[in-house]
Amino acid sequence: MSAGGSADRCGERTPVDVAVGVLIDRQGRFLLTSRPEGKVYAGYWEFPGGKLEAGETVEEALRRELHEELGITIGPAQPWKVELYDYPHALVRLHFCKVYRWSGEFEMRERQAMSWQELPVRVRPVLPGTVPVLRWLAEERAHQGPTHVE
Ligand SMILES: Nc1nc2c([nH]c(=O)n2[C@H]2C[C@H](O)[C@@H](COP(=O)(O)OP(=O)(O)OP(=O)(O)O)O2)c(=O)[nH]1
């Protein structure tokens, strides 16, 4: 029990569900985008995605978010990993999905930047909640050494 009493205990926050896409191209590169100005962690690199709206499945939310943010229409989203991440601003439950097919031209509709990356990731800084994904990719690919530059 924290000393602050029940009103300001922060361990009981309900997680916010977030759908995140790990888009992988034919050369095995994955897409990172930078967080737009005005959002928390603006300028940090992450896998594209966003919060689920009421009644949406993870796949529906991902399809909507990637269309809104990047202008593409994704094919099937393969559920991959689920990770809880406790930020000062929110407790988030990240639903990472792999996506191998999409259509349409990339358009940065929120004036963010995009970059196709391999390991180790060269863009920086990377969002803390993104780092575990880089480790999972490193395991899958038997990548040795750092996953990104600090
Ligand atoms: N998109 C994305 N979000 C991530 C990743 N890792 C991570 O911790 N997050 C966190 C950051 C945010 O707290 C949350 C995503 O929320 P967001 O603010 O980007 O979502 P949104 O586009 O729905 O935003 P908004 O409409 O509320 O402005 O998940 C990641 O790899 N990709």
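**Close-up views of a predicted model**

**View 1. Leu-32 and Ser-115 face each other across a strand pair.** Leu-32 stands opposite Ser-115, a residue of S9. The model shown here, as in every view, is predicted. Strands S2 and S9 pair in the antiparallel sense. Four bridges link the two. Strand S2 covers residues 30-34, and strand S9 covers residues 114-117.

**View 2. Three strands make an open sheet.** The order is S3-S2-S9, with antiparallel pairing. Strand S3 (45-46) and strand S9 (114-117) stand at the edges. Each has a single partner strand, so one side of each is left without a neighbour in the sheet. Strands of a sheet pair through backbone hydrogen bonds.

View 3. Strand S6 spans residues 77-86. One of its ten residues is buried, so S6 lies largely in the open. Strand S7, residues 91-99, also gives two or more residues to the shell around the ligand.

**View 4. The ligand is surrounded by 17 residues.** The closest are Glu-46, Gly-49, Gly-50, Lys-51 and Gly-129. Strands S1 (16-23), S4 (49-51) and S7 (91-99) are the elements that give two or more residues to this shell. S4 supplies the largest share, three residues. By residue class, the shell holds ten nonpolar, four polar and three charged residues.

**View 5. The largest nonpolar core has 27 residues.** Those with the most contacts inside it are Ala-19, Val-20, Val-22, Leu-62 and Cys-97.

**View 6. Val-20 and its contacts beyond the local sequence.** Neighbours within four places in sequence are left aside. Val-20 is then in contact with Phe-47, Gly-49, Leu-94, His-95, Phe-96 and Cys-97. Among these partners, Gly-49 is one of the closest residues to the ligand. Cys-97, like Val-20, is listed with the most contacts inside the largest nonpolar core.

View 7. UniProt places the feature "domain: Nudix hydrolase" at residues 15-139, from an unreviewed entry. Over this stretch the chain is 18% helix and 36% strand. The C-alpha atoms at its ends are 27 Å apart.

Key: Residues numbered from 1 in each chain as written. Predicted model: local features only at pLDDT ≥ 70, side-chain atom pairs only at ≥ 80, totals over all residues. Near = placed C-beta within 6 Å. Nonpolar A, V, L, I, M, F, W, Y, C, P; charged D, E, K, R; others polar. Buried ≥ 20, exposed ≤ 12 C-beta atoms within 10 Å, placed from the backbone. UniProt positions renumbered as here; feature names shortened; annotations may be inferred. Core = buried A, V, L, I, M, F, W, Y, C linked by C-beta atoms within 7 Å. Contact = placed C-beta atoms within 7 Å. Pairing = 2+ DSSP bridges.
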